[in-house]
Amino acid sequence: MKTSYMVVYTIILVLVLAQQHVKVSAVTCSPAQLSPCVSAITSSTPPSKLCCSKIKEQRPCLCQYLKNPNLQKFINTPNARKVASTCGTPFPKC
């Protein structure tokens, strides 16, 4: 009987920890978060560390941004691809 309680307790603990992980890893998609990258995307300026961290943070959102006609013209450019590559973030294939 004690073993069954331990199994149930372990399963509940794993589920709770899994939910905590999902909450921590969720990203709020906000194109404004990429503002530190504007100069690197619009010119030949190398991306800053802040820019690279924001690109990595916003990577799950890039396909969503590419579907937006207002953002697509900035994100789907050779410079944006170069910035992503320089930052070590693969450009998404949507």
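A disulfide is here a pair of cysteine sulfur atoms within 2.5 Å. In general terms, a disulfide is a covalent bond between the sulfur atoms of two cysteines. The structure is a predicted model, in which local features need pLDDT of at least 70 and side-chain atom pairs count only at pLDDT 80 or more, while totals for chains, interfaces and linings use all residues. Residues are numbered from 1 along each chain as its sequence is written, and side-chain values use heavy atoms, with hydrogens and water left out.

By the distance rule, the model has four disulfides. With the bonded cysteines of the protein numbered in sequence order, the pairing reads 1-5, 2-3, 4-7, 6-8.

Helices (H or I, at least four residues) are DSSP runs, numbered from the N terminus. Cys37 has a relative accessible area of 0% and is therefore buried; the term means under 20% relative accessible area, with exposed over 50% and partly exposed in between (1.4 Å probe, protein chains only). Cys51 is likewise buried, with a relative accessible area of 0%.

The link of Cys52 and Cys87 is left-handed, with -70 degrees about the S-S bond. It connects distant parts of the chain, 35 residues apart, with Cys52 in helix H3 and Cys87 in the segment after helix H6 (78-86). Both Cys52 and Cys87 are buried.

Cys63 counts as partly exposed because its relative accessible area is 22%, whereas Cys94, at 62% relative accessibility, counts as exposed.

Helix H3 also holds Gln58. Gln58 counts as buried because its relative accessibility is 0%. A polar atom of the Gln58 side chain lies 3.1 Å from the backbone oxygen of Thr28. Contact is defined as heavy atoms within 4.5 Å. Neighbours within four places in sequence left aside, Gln58 is in contact with Val27, Thr28, Cys29, Ser30, Gln33, Leu34 and Tyr65.

The structure holds one cavity of 30 Å³ or more. A cavity is a set of points, on a 1 Å grid over the protein atoms alone, where a 1.4 Å probe fits but cannot get out; lining residues have an atom within 4 Å of a point. The largest cavity has a volume of about 90 Å³, the volume being the space filled by probe spheres set on the points, which are joined across faces, edges and corners. The lining of the largest cavity consists of Leu34, Cys37, Ile41, Ile55, Leu62, Ile75, Ala80, Ala84 and Phe91. By class, this lining has nine nonpolar, no polar and no charged residues. Ala, Val, Leu, Ile, Met, Phe, Trp, Tyr, Cys and Pro count as nonpolar, Asp, Glu, Lys and Arg as charged, and the others, Gly among them, as polar.

Key: 1 Å grid on protein atoms, 1.4 Å probe; cavity = no way out; pocket = protein on both sides within 12 Å on 5 of 7 lines; lining within 4 Å. Helix = DSSP H or I, 4+ residues; strand = E, 2+ residues; numbered from the N terminus. Polar contact = N/O pair within 3.5 Å; in protein donor to acceptor, adjacent residues only side chain to side chain.
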